[in-house]
Amino acid sequence: MTRYIALLRGVNVGGKNKIAMPELKVAFEKQGFKNVITYINSGNILFDSDSEECDVKATCEALIKRDFGLTITVGIITADELHEALSNSPEWWDNDKKSKHNVLFVIPPMTAEEVCKQVGEVKPEYEMVTCYGKIIFWSAPIATFSRTRWSKIVQNKKAYNSVTIRNANTAKKLAVLCEIGVTQKLA
């Protein structure tokens, strides 16, 4: 059985694509996924499945369409992939309180390298970016954040539609939650 994390793209943002996490948890359980946990309202679901990753993605997207009437892109990453990526994060990532630190989870068929090409060269005076597997680590000082190339990723629809973004705290918490049994109550 594989521990997966489903990262829903664009739910509960600005009052759009609303999905209540308790209802989503129930839908995943009814679908047959095991040890289901949701984390915060931005669409993070942890669960176990014997299915292959591509089948899990298709199943998640179909159940969201069926149960909630929403067409939502879902990024899937295994707990092992997340742990490995975080273990290999660059030393500058999440290491400066005056900077924003994000993880961009790349949604196949796009690759992290392709997303980086689409967005273009980083502005090293304003930001740092590196890839590991399906993850792009990105850090930028808060004071000059709006000057970064990566803060404008939304302007590149192909790249933007192929990622879902979480901050460093959320990414690290998801890794911790991968280890927690469902018998523990989460907020």
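**Close-up 1. Asparagine 35 in strand S2.** Asparagine 35 has its place in strand S2 (residues 34–39), where strands (E, at least two residues) and helices (H or I, at least four residues) are DSSP runs numbered from the N terminus. The phi angle of asparagine 35 is near 50°, a positive value in a residue other than glycine. The model is predicted, so that local features need pLDDT of at least 70 and side-chain atom pairs count only at pLDDT 80 or more, while totals for chains, interfaces and linings use all residues. Residues are numbered from 1 along each chain as its sequence is written, and side-chain values use heavy atoms, with hydrogens and water left out.

**Close-up 2. The peptide bond between proline 108 and proline 109.** Proline 108 and proline 109 are joined by a cis peptide bond, with omega at about 20°. Proline 109 belongs to the loop between S5 and helix H4 (112–119).

**Close-up 3. Helices H1 and H2.** Helix H1 (residues 21–30) packs against helix H2 (residues 53–68) at an angle of about 120°, and their axes are 11 Å apart; axes are lines fitted to C-alpha atoms, for helices over the stretch in contact, and angles run from 0 to 180 degrees between N-to-C directions. H1 is therefore oblique to H2, given that angles under 35 degrees count as roughly parallel, over 145 as roughly antiparallel, 65 to 115 as roughly perpendicular and the rest as oblique. Glu23, Leu24, Ala27 and Phe28 of H1 make the contact with Cys60, Leu63, Ile64, Asp67 and Phe68 of H2, contact meaning heavy atoms within 4.5 Å. By class, this contact of H1 with H2 has 7 nonpolar, no polar and 2 charged residues (Ala, Val, Leu, Ile, Met, Phe, Trp, Tyr, Cys and Pro count as nonpolar, Asp, Glu, Lys and Arg as charged, and the others, Gly among them, as polar).

**Close-up 4. Helices H3 and H6.** The axes of helix H3 (residues 79–87) and helix H6 (residues 168–177) come within 10 Å and cross at roughly 130°, and H3 and H6 are therefore oblique to each other. H3 passes H6 in a crossing that is left-handed. On the H3 side the contact is made by Leu82, His83 and Leu86, and on the H6 side by Ala171, Lys172, Leu174 and Ala175; its classes are 5 nonpolar, 1 polar and 1 charged residues.

**Close-up 5. The largest cavity.** The count comes to 1 cavity of 30 Å³ or more, where a cavity is a set of points on a 1 Å grid over the protein atoms alone at which a 1.4 Å probe fits but cannot get out, a pocket is an open set with protein on both sides within 12 Å along at least five of seven lines, and lining residues have an atom within 4 Å of a point. The largest cavity has a volume of about 30 Å³ (the space filled by probe spheres set on the points, which are joined across faces, edges and corners). Its lining consists of Leu7, Gly75, Ile76, Ile77, Phe105, Val106 and Lys134, and strand S4 (74–78) and strand S5 (99–106) are the elements that give two or more residues.

**Close-up 6. The largest pocket.** The volume of the largest pocket is about 380 Å³. Of its 17 lining residues, Gly10, Val13, Thr164, Ile165 and Arg166 are the closest to the centre. Strand S8 (residues 163–167) provides the largest share of this lining, 5 residues.

Methods. A crossing is left-handed if the near helix is turned anticlockwise from the far one by less than a right angle, and right-handed if clockwise.
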